[in-house]
Amino acid sequence: PELQNPLIIPMMDRWLVMDQISDEMDDYFKIYREERIRVMDGVMSEGWIETHPKIGGTLLEPWQLDSTPGFERIHSTLQTTRRFAKVRVIPTGNAYQVDVKVFKELEDLAQPVGASVGGTYLRYDNSLDVDQTQSWTTGRQPGWIPMGRDFSLEQKILRDIQERFTLMRQNSSAGSQ
């Protein structure tokens, strides 16, 4: 069954919540920046995580988790795609809402990779340059066509996050008995 997005997590230690979500996101993408939940004047602020773009895993790379089985993995095999994620952790009265959004982009080349006509070949893939000072989140990146959201990967990440917190609650209730 499809999980709701944002996912509802029961209220618990804010540091633990952000650690678990950050650890889960790190399994899929390299984290670009993160803002933890803070308490200022008795009010909890929103936490968020943004990731670096990652080239989609192909059929020959089953260990890459960013392409879900089926269409998405085949598409990443036949076309150069990349994904990145933005996660918001929103404190509400007695719970946290975890909003996961995964965006997918298709590489836009001036000519096919194997073409012998046309001179130089310029790559627009800057996902390996992690020390850049300019933010990749501002505006559209040249050489990449936005394709919208990857709902299947969002659901996989949400299931993994939900499983983490379910196991934590079961372990804490078993330890207290």
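**Exercise 1. Which residue stands opposite Lys104 in S8?**

Solution. This is a predicted model: local features need pLDDT of at least 70, side-chain atom pairs count only at pLDDT 80 or more, and totals for chains, interfaces and linings use all residues. Residues are numbered from 1 along each chain as its sequence is written, and side-chain values use heavy atoms, with hydrogens and water left out.

Step 1. Strands are DSSP runs of E, at least two residues long; helices are runs of H or I, at least four; both are numbered from the N terminus.
Step 2. Two strands pair if DSSP finds at least two bridges between them. Strand S7 (residues 81-91) pairs with S8 in the antiparallel sense, over eleven bridges.
Step 3. Opposite Lys104 in S8 stands Arg83.
Step 4. A hairpin of three residues joins S7 to S8.

**Exercise 2. Find other partners of S8, then explain why S8 is largely enclosed.**

Solution.
Step 1. Strand S1 (residues 7-10) pairs with S8 in the antiparallel sense over four bridges. Here Ile8 has Gln97 as its bridge partner.
Step 2. Strand S9 (residues 144-149) and S8 are also antiparallel, over four bridges. Leu106 has Ile145 in S9 as its bridge partner.
Step 3. Buried means under 20% relative accessible area, exposed over 50%, partly exposed in between (1.4 Å probe, protein chains only). Ten of the 13 residues of S8 (residues 95-107) are buried, so the rest of the structure largely encloses this strand.

**Exercise 3. Check the length of helix H1.**

Solution.
Step 1. The expected span is 1.5 Å times one less than the number of residues.
Step 2. H1 (residues 14-28) has 15 residues, so it should span 21 Å.
Step 3. The end C-alpha atoms are 22 Å apart, which agrees.

**Exercise 4. Describe the salt bridge between Arg164 and Glu24.**

Solution.
Step 1. A salt bridge puts a side-chain nitrogen of Lys or Arg within 4 Å of a carboxyl oxygen of Asp or Glu. In Arg164 and Glu24, the closest N and O atoms are 2.5 Å apart.
Step 2. The pair links distant parts of the chain: Arg164 sits in helix H3 (residues 151-175), Glu24 in helix H1, 140 residues apart.
Step 3. Both residues, Arg164 and Glu24, are buried.
Step 4. A network of salt bridges links Asp23, Glu24, Asp27 and Arg164.

**Exercise 5. Is Glu50 buried or exposed?**

Solution.
Step 1. Glu50 has 12% relative accessibility, so Glu50 counts as buried.
Step 2. Glu50 forms a salt bridge with Arg33, the closest N and O atoms being 3.0 Å apart.
Step 3. Arg33 is partly exposed, at a relative accessible area of 35%.
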